[in-house]
Amino acid sequence: MGYITPFVTEIDFASGTLSAPGYVIQRKLSDMASMYVDGDEAARILADEGDRLIYEVQGVELPAEEGQIPHCTTRITAGRIGAEYHMTKGHYHARREQGEVYFGLSGHGILVMQTETGETSAQEMVAGSAAYVPPFWAHRTVNAGDEDFVFFSVWEARAGHDYGTIERDGFRKLVVLRDGAPAVVDNPKVG
Ligand code: PAN
Ligand code: ZN
């Protein structure tokens, strides 16, 4: 195993900014337009308003080896594509038996999860919420508020990320604005 000396990272809870990020990833609407249920509205925004930042990830760089514990922040911007709130791409872990912990730092989110056998779950997250993503559950976070939603994630280094299954099949549940509030509804495009 790679030898790592101990270190501390300072995190700004409001923005998710790390004092010394090993990497920063930005996901824009153009990176994930096809994941929103209202594809026409995603295309209209890209054409009329230009691209927009949906979320940013800042993490520490660690070797992808047994025993290492990667961790990062995610900041999802506030906004919607049609009725659907800004969200992450979402994924299964490539090694399905690996779980994860999320910890809310600021704002209001909904953690949407599902299994390959058809179960679904949607958990509210605010500052101070520690959410458990059990093994075998795909996970996506949604900003259900009107300010940034920021959370911290901790997982095992060999979990790996399988984005392809969600890109192909989608999530069964969507988080949309309905009657003035966020609502978790069935995805009409997933049978
Ligand atoms: C999280 C996510 C992060 C971004 O750290 O990777 O929130 O979401 P996507 O990976 O779906 O783009 C995590 O679940 N890591 O395993
Ligand atoms: Zn994960």
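Predicted model: local features only at pLDDT ≥ 70, side-chain atom pairs only at ≥ 80, totals over all residues.
**The zinc site**

- Let's start with the metal: His-91 (NE2), His-93 (NE2), Glu-100 (OE) and His-139 (NE2) coordinate the zinc ion (ligand 2) at 2.1 to 2.3 Å.
- To count as a donor, an N, O or S atom has to be within 2.8 Å of the metal (3.2 Å for Na, K and Ca); water is not among the atoms, so sites may look incomplete.
- Along the sequence, the spacing of the zinc ion's donor residues reads H-x1-H-x6-E-x38-H.
- Glu-100 sits in strand β7 (residues 100-106) and His-139 in strand β11 (residues 138-143), so this pair ties together parts that are 39 residues apart in sequence.
- Helices (H or I, at least four residues) and strands (E, at least two) are DSSP runs, numbered from the N terminus.
- Why is the arrangement around the zinc ion called octahedral? Because the six donor atoms there subtend angles of 75 to 171°.
- The rule behind that word: six donors count as octahedral if opposite donors are over 155 degrees apart and all others between 65 and 115.
- For six octahedral donors, the ideal angles at a metal are 90 or 180 degrees.
- Glu-100 is buried, at 4% relative accessible area, and His-139 is buried too, at 1%.
- Here, buried means under 20% relative accessible area, exposed means over 50%, and partly exposed is in between (1.4 Å probe, protein chains only).

**Around ligand 1**

- Ligand 1 is surrounded by 17 residues, and the closest are Tyr-55, Thr-74, Glu-100, Tyr-102 and Tyr-163; a residue is near a molecule if one of its heavy atoms lies within 4 Å of it.
- Taken alone, ligand 1 exposes 400 Å², and the protein buries 96% of that; accessible areas come from the Shrake-Rupley method with a 1.4 Å probe, and for residues only the protein chains shown count as cover.

**The aromatic pairs**

- Rings of Phe, Tyr and Trp (its six-membered ring) pair if their centres lie within 6.5 Å; planes under 30 degrees apart count as stacked, over 60 as edge-to-face and the rest as tilted.
- Tyr-102, Phe-149 and Phe-151 form one aromatic cluster.
- Are Tyr-102 and Phe-151 buried or exposed? Both are buried, with Phe-151 at 1% relative accessible area, and Phe-149 is buried as well, at 0%.

**Loops with positive phi**

- Phe-136 has a phi near 80°, a positive value in a residue other than glycine, and is found in the loop between β10 (130-133) and β11.
- Asp-179 has a positive phi too, near 50°, and lies in the loop between β14 (173-178) and β15 (181-186).
- Asp-179 is exposed, at 80% relative accessible area.

**A few other residues**

- Thr-165 lies in helix α3 (residues 164-169) and is buried, at 13% relative accessible area.
- The side chain of Thr-165 makes a polar contact with the side chain of Asp-162 (2.7 Å); a polar contact is a pair of N or O atoms within 3.5 Å, and within protein one must be able to donate a hydrogen and the other to accept it, while residues adjacent in sequence count only if both atoms are side-chain atoms.
- Ala-122, in strand β9 (residues 120-125), counts as partly exposed at 37% relative accessibility.
- Val-142, in strand β11, is buried at 2% relative accessible area.

Conventions:
Residues numbered from 1 in each chain as written. Chains lettered and ligands numbered in written order. Heavy atoms only, no water. Tetrahedral: all angles 85-135°; square planar, octahedral: opposite > 155°, others 65-115°.
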